[in-house]
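Thanks, everyone. I'll keep this short. Have a look at the model on the screen, and then we'll go through one part of it.

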Amino acid sequence: MARLAIDAVTRFTAKRRAHTVRPYEGILNCRIKYEVVMKDELEKSLREILNLGHTVGRAIETVSGYQLLHGEALGIGLTAEVRLGNSYGYISAADVDRVVS
C-alpha cells in the first residue's frame with residue numbers, strides 16, 4: 001500500500017505541472033459542498049459524504065511532505081477508498097470507474 005501511495009504522489013506531482021486551473025470547477029465544488037452542509041448542518045447523515053477520501057488523503061499529504069495540494073491528496077485518497085470499497089463489494093467496478101475518471 002505504501003508503494004502504491006508513493007507512486008500515486010509521483011504521478012500527481014507530474015500531472016500538476018501540466019494542469020490548467022479551471023476556476024469554474026472550484027466554484028461548482030464549493031456550491032455543492034455548501035448545499036450539502038446546509039441540508040445537514042449538524043453532520044447527522046448526508047454531510048458524511050464530504051469525508052470520502054479524507055482518511056487516506058490526509059495520510060498521503062503527510063507522506064508527500066505536503067508537496068501535494070490538499071485537493072490532490074484527497075483525489076488520491078478518494079481513488080484508494082473507492083477501490084478498497086470495490087474489493088470488499090461495497091461499490092461496483094462501474095461506479096469505481098465513474099469516480100476515478
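Helix 4 covers residues 70-87, so to speak the stretch to watch today. This is a predicted model. Helix 4 has 18 residues. From first C-alpha to last, helix 4 reaches 26 Å, close to the 26 Å expected at 1.5 Å a residue.

Which residues of helix 4 are buried? Going along the helix, they are Glu72, Ala73, Leu74, Ile76, Gly77, Thr79, Ala80, Glu81, Val82 and Gly85. Note that Glu72 and Glu81 are on that list. After helix 4 comes Gly89, with a positive phi near 85 degrees.

Next, the partner. Helix 5 spans residues 93-100. Helix 4 packs with helix 5 at an angle of about 175 degrees, and their axes lie 9 Å apart. Angles over 145 degrees count as roughly antiparallel, and helix 4 and helix 5 are therefore roughly antiparallel to each other.

Who meets whom? On the helix 4 side, we have Leu78, Thr79, Val82, Arg83 and Asn86. On the helix 5 side, Ala93, Val96, Val99 and Val100. By class, this contact has six nonpolar, two polar and one charged residues. Thr79 and Val82 come up again here: both are buried, and both meet helix 5.

Now zoom out. The protein chain has five helices and zero strands. Buried residues make up 23% of its 101 residues. The chain exposes about 7700 Å², with carbon and sulfur atoms supplying 59% of that. Last one, on contacts with a separation of 6 or more: residues 24 or more positions apart account for 40% of them.

How values were computed: Residues are numbered from 1 along each chain as its sequence is written. This is a predicted model: local features need pLDDT of at least 70, side-chain atom pairs count only at pLDDT 80 or more; totals for chains, interfaces and linings use all residues. Side-chain values use heavy atoms; hydrogens and water are left out. Helices (H or I, at least four residues) and strands (E, at least two) are DSSP runs, numbered from the N terminus. The expected span of a helix is 1.5 Å times one less than its number of residues. Buried means under 20% relative accessible area, exposed over 50%, partly exposed in between (1.4 Å probe, protein chains only). Contact means heavy atoms within 4.5 Å. Accessible areas come from the Shrake-Rupley method with a 1.4 Å probe; for residues, only the protein chains shown count as cover. Axes are lines fitted to C-alpha atoms, for helices over the stretch in contact, and angles run from 0 to 180 degrees between N-to-C directions. Angles under 35 degrees count as roughly parallel, over 145 as roughly antiparallel, 65 to 115 as roughly perpendicular and the rest as oblique. Ala, Val, Leu, Ile, Met, Phe, Trp, Tyr, Cys and Pro count as nonpolar, Asp, Glu, Lys and Arg as charged, and the others, Gly among them, as polar.
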